[in-house]
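Me: Can you walk me through this one? I'm new to reading structures.
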Amino acid sequence: MTNETLETLKSRRSVRSYLPKQVDEEALQAILEAGTYAATGMNRQSPIIICIQDPETREMLRRLNAGVMGSDRDPFYGAPTVVAVLADKNILTHVEDASLVIGNMMNAAFSVGVDSCWIHRAREEFETEDGKALLASLGIEGDYIGVGHLILGYRDGELPPTRPRKENYIYRA
Ligand SMILES: Cc1cc2nc3c(=O)[nH]c(=O)nc-3n(C[C@H](O)[C@H](O)[C@H](O)COP(=O)(O)O)c2cc1C
(Lines give C-alpha, C1' and ligand atoms only; values in the text may rest on other atoms or scores of the structure.)
Protein backbone atom coordinates (compact mmCIF):
# COMPACT_ATOMS: atom_id res chain seq x y z
CA MET A 1 0.00 0.00 0.00
CA THR A 2 1.16 3.53 -0.56
CA ASN A 3 -0.09 7.10 -0.39
CA GLU A 4 1.40 10.59 -0.18
CA THR A 5 2.00 10.43 3.57
CA LEU A 6 3.76 7.07 3.38
CA GLU A 7 5.88 8.28 0.48
CA THR A 8 6.93 11.35 2.51
CA LEU A 9 7.89 9.18 5.47
CA LYS A 10 9.95 6.87 3.28
CA SER A 11 11.72 9.42 1.12
CA ARG A 12 12.70 12.09 3.68
CA ARG A 13 16.44 12.24 4.29
CA SER A 14 18.71 14.25 6.57
CA VAL A 15 20.35 17.06 4.64
CA ARG A 16 23.77 18.40 5.61
CA SER A 17 24.44 21.17 3.09
CA TYR A 18 22.18 24.21 2.72
CA LEU A 19 21.70 27.21 0.48
CA PRO A 20 21.63 30.59 2.25
CA LYS A 21 17.96 31.07 1.16
CA GLN A 22 15.62 31.53 4.14
CA VAL A 23 12.67 29.16 4.58
CA ASP A 24 9.41 30.32 3.07
CA GLU A 25 7.32 31.81 5.91
CA GLU A 26 4.10 29.99 5.05
CA ALA A 27 5.95 26.67 4.91
CA LEU A 28 7.70 27.44 8.21
CA GLN A 29 4.42 28.16 9.96
CA ALA A 30 2.96 24.89 8.67
CA ILE A 31 6.03 22.98 9.91
CA LEU A 32 5.96 24.54 13.38
CA GLU A 33 2.23 23.98 13.67
CA ALA A 34 2.69 20.32 12.71
CA GLY A 35 5.12 20.06 15.64
CA THR A 36 2.47 21.29 18.05
CA TYR A 37 0.12 18.53 16.92
CA ALA A 38 2.48 15.74 17.99
CA ALA A 39 1.05 13.33 20.51
CA THR A 40 2.31 13.89 24.06
CA GLY A 41 2.01 11.76 27.17
CA MET A 42 -1.40 12.45 28.76
CA ASN A 43 -1.65 15.42 26.40
CA ARG A 44 0.56 17.37 28.81
CA GLN A 45 2.23 19.12 25.84
CA SER A 46 5.51 19.28 27.74
CA PRO A 47 7.69 20.64 24.88
CA ILE A 48 8.33 24.19 23.73
CA ILE A 49 9.59 25.12 20.28
CA ILE A 50 12.04 27.98 19.74
CA CYS A 51 12.48 28.98 16.12
CA ILE A 52 15.73 30.87 15.57
CA GLN A 53 16.34 32.92 12.45
CA ASP A 54 18.12 35.94 13.91
CA PRO A 55 21.73 35.57 12.67
CA GLU A 56 23.28 36.68 15.99
CA THR A 57 21.24 34.18 18.01
CA ARG A 58 21.96 31.43 15.49
CA GLU A 59 25.66 32.21 15.76
CA MET A 60 25.50 32.03 19.54
CA LEU A 61 23.87 28.58 19.36
CA ARG A 62 26.34 27.45 16.70
CA ARG A 63 29.22 28.39 18.98
CA LEU A 64 27.69 26.63 22.00
CA ASN A 65 26.85 23.51 20.00
CA ALA A 66 30.27 23.27 18.37
CA GLY A 67 31.84 23.94 21.76
CA VAL A 68 30.29 20.76 23.17
CA MET A 69 32.31 18.85 20.58
CA GLY A 70 35.41 20.98 21.12
CA SER A 71 35.20 22.25 17.55
CA ASP A 72 34.50 25.56 15.84
CA ARG A 73 32.65 24.28 12.77
CA ASP A 74 28.99 24.89 11.95
CA PRO A 75 27.07 21.90 13.32
CA PHE A 76 23.97 23.39 11.63
CA TYR A 77 25.54 22.94 8.17
CA GLY A 78 24.71 26.45 7.01
CA ALA A 79 20.94 26.04 7.48
CA PRO A 80 19.34 29.47 7.95
CA THR A 81 16.67 28.30 10.43
CA VAL A 82 17.39 26.39 13.62
CA VAL A 83 14.46 25.10 15.66
CA ALA A 84 15.30 24.10 19.20
CA VAL A 85 12.89 21.86 21.07
CA LEU A 86 13.01 21.79 24.86
CA ALA A 87 10.74 20.06 27.31
CA ASP A 88 9.70 20.41 30.91
CA LYS A 89 11.78 17.87 32.77
CA ASN A 90 9.17 17.53 35.51
CA ILE A 91 6.91 15.71 33.11
CA LEU A 92 7.65 12.00 32.92
CA THR A 93 7.44 11.75 29.14
CA HIS A 94 9.30 14.95 28.29
CA VAL A 95 12.03 13.41 26.13
CA GLU A 96 9.56 11.24 24.22
CA ASP A 97 7.19 14.20 23.78
CA ALA A 98 9.90 16.49 22.41
CA SER A 99 11.28 13.77 20.13
CA LEU A 100 7.87 13.30 18.58
CA VAL A 101 7.55 17.06 18.04
CA ILE A 102 10.85 17.02 16.15
CA GLY A 103 9.78 13.95 14.17
CA ASN A 104 6.50 15.60 13.19
CA MET A 105 8.28 18.76 12.05
CA MET A 106 10.88 16.77 10.11
CA ASN A 107 8.29 14.94 8.08
CA ALA A 108 6.05 17.98 7.71
CA ALA A 109 9.05 19.91 6.39
CA PHE A 110 9.81 17.33 3.75
CA SER A 111 6.16 17.27 2.70
CA VAL A 112 6.27 21.01 1.94
CA GLY A 113 9.64 20.94 0.15
CA VAL A 114 11.85 22.03 3.06
CA ASP A 115 14.93 20.01 4.01
CA SER A 116 15.97 19.28 7.56
CA CYS A 117 18.26 17.40 9.92
CA TRP A 118 18.01 16.65 13.63
CA ILE A 119 21.01 18.16 15.42
CA HIS A 120 21.96 16.91 18.87
CA ARG A 121 23.55 18.58 21.92
CA ALA A 122 20.61 20.86 22.80
CA ARG A 123 20.76 19.67 26.39
CA GLU A 124 24.31 20.94 26.92
CA GLU A 125 23.56 24.14 25.00
CA PHE A 126 20.69 25.18 27.25
CA GLU A 127 22.64 24.31 30.39
CA THR A 128 25.07 27.16 29.61
CA GLU A 129 24.62 30.71 30.87
CA ASP A 130 24.15 31.96 27.29
CA GLY A 131 21.53 29.30 26.64
CA LYS A 132 19.70 30.18 29.84
CA ALA A 133 19.91 33.88 28.96
CA LEU A 134 18.23 33.17 25.61
CA LEU A 135 15.35 31.46 27.41
CA ALA A 136 15.08 34.35 29.86
CA SER A 137 15.08 36.89 27.01
CA LEU A 138 12.05 35.09 25.59
CA GLY A 139 10.30 35.12 28.96
CA ILE A 140 10.61 31.33 29.30
CA GLU A 141 10.67 30.20 32.92
CA GLY A 142 10.67 26.69 34.31
CA ASP A 143 12.67 23.50 34.25
CA TYR A 144 13.25 23.12 30.54
CA ILE A 145 15.94 20.89 29.11
CA GLY A 146 17.06 20.92 25.51
CA VAL A 147 16.13 17.72 23.64
CA GLY A 148 17.17 18.48 20.08
CA HIS A 149 17.22 20.88 17.17
CA LEU A 150 15.75 20.61 13.75
CA ILE A 151 17.63 22.65 11.18
CA LEU A 152 15.55 23.81 8.22
CA GLY A 153 16.42 25.12 4.79
CA TYR A 154 16.87 24.19 1.16
CA ARG A 155 19.52 21.66 0.22
CA ASP A 156 22.57 22.59 -1.78
CA GLY A 157 22.83 19.54 -4.03
CA GLU A 158 20.96 16.29 -4.39
CA LEU A 159 18.85 14.56 -1.79
CA PRO A 160 20.92 11.63 -0.46
CA PRO A 161 19.60 8.27 -1.65
CA THR A 162 17.45 6.24 0.67
CA ARG A 163 19.52 3.69 2.51
CA PRO A 164 18.41 0.10 3.02
CA ARG A 165 16.67 -0.77 6.22
CA LYS A 166 18.44 -3.29 8.45
CA GLU A 167 17.28 -6.85 8.55
CA ASN A 168 15.25 -8.00 11.52
CA TYR A 169 13.87 -4.51 12.15
CA ILE A 170 10.37 -5.83 12.63
CA TYR A 171 9.26 -8.82 14.64
CA ARG A 172 5.73 -10.06 14.74
CA ALA A 173 4.33 -12.34 17.35
C1 LIG B 1 18.48 11.73 18.13
C2 LIG B 1 19.17 12.11 16.84
C3 LIG B 1 20.31 12.89 16.91
C4 LIG B 1 20.95 13.27 15.72
N5 LIG B 1 22.01 14.12 15.79
C6 LIG B 1 22.62 14.51 14.65
C7 LIG B 1 23.67 15.46 14.69
O8 LIG B 1 24.03 15.98 15.72
N9 LIG B 1 24.27 15.79 13.51
C10 LIG B 1 23.88 15.25 12.32
O11 LIG B 1 24.47 15.58 11.30
N12 LIG B 1 22.86 14.38 12.24
C13 LIG B 1 22.22 14.01 13.37
N14 LIG B 1 21.13 13.17 13.31
C15 LIG B 1 20.66 12.66 12.01
C16 LIG B 1 20.98 11.19 11.80
O17 LIG B 1 22.37 11.03 11.61
C18 LIG B 1 20.17 10.65 10.60
O19 LIG B 1 18.80 10.74 10.90
C20 LIG B 1 20.56 9.21 10.28
O21 LIG B 1 21.86 9.13 9.77
C22 LIG B 1 19.60 8.57 9.28
O23 LIG B 1 19.56 9.31 8.08
P24 LIG B 1 18.21 9.86 7.47
O25 LIG B 1 17.61 10.84 8.46
O26 LIG B 1 18.60 10.54 6.18
O27 LIG B 1 17.31 8.70 7.25
C28 LIG B 1 20.46 12.81 14.46
C29 LIG B 1 19.29 12.03 14.42
C30 LIG B 1 18.65 11.70 15.60
C31 LIG B 1 17.35 10.92 15.52
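Reply: Start with a term: a helix here is a DSSP run of H or I with at least four residues, numbered from the N terminus. Leu9 lies in one of these, helix α1, residues 4–11. Keep in mind that this is a predicted model.

Me: Which residues form a nonpolar patch on the surface?
Reply: Leu9 does, together with Met1 and Leu6. Their accessible area together is about 370 Å².

Me: New topic. How far apart are the end C-alpha atoms of α3?
Reply: They are 20 Å apart. Helix α3 has 14 residues, 55–68, so at 1.5 Å a residue it should span 20 Å, and the model agrees.

Me: Which residues in α3 are buried?
Reply: Among them are Thr57, Arg58, Met60, Leu61 and Arg62. Leu64, Asn65 and Ala66 are buried too.

Me: What do they pack against?
Reply: Strands β1 (47–52), β2 (81–88), β3 (115–119) and β4 (144–153), plus helices α5 (122–125) and α6 (129–137).

Me: And what comes just after α3?
Reply: Gly70, with a positive phi of about 70°.

Me: Where does Asp97 lie?
Reply: In helix α4, residues 94–111. Asp97 is buried, yet it has no salt bridge.

Me: Which side chain of opposite charge is nearest to Asp97?
Reply: Arg44, 7.7 Å away.

Me: What is Asp97 in contact with, leaving aside neighbours within four places in sequence?
Reply: Thr40, Gly41, Ser46, Pro47 and Ile91.

Terms used. Residues numbered from 1 in each chain as written. Predicted model: local features only at pLDDT ≥ 70, side-chain atom pairs only at ≥ 80, totals over all residues. Heavy atoms only, no water. Helix = DSSP H or I, 4+ residues; strand = E, 2+ residues; numbered from the N terminus. Expected span 1.5 Å × (residues − 1). Buried < 20%, exposed > 50% of the residue type's maximum accessible area, 1.4 Å probe, protein only. Contact = heavy atoms within 4.5 Å. Patch = residues over 30% accessible without salt bridge, like charges linked within 9 Å, V, L, I, M, F, W, Y side chains within 5 Å. Areas by Shrake-Rupley, 256 points an atom, 1.4 Å probe, with all protein chains shown as cover. Salt bridge = Lys/Arg side-chain N within 4 Å of Asp/Glu carboxyl O. Lys, Arg positive; Asp, Glu negative; His and termini not counted.
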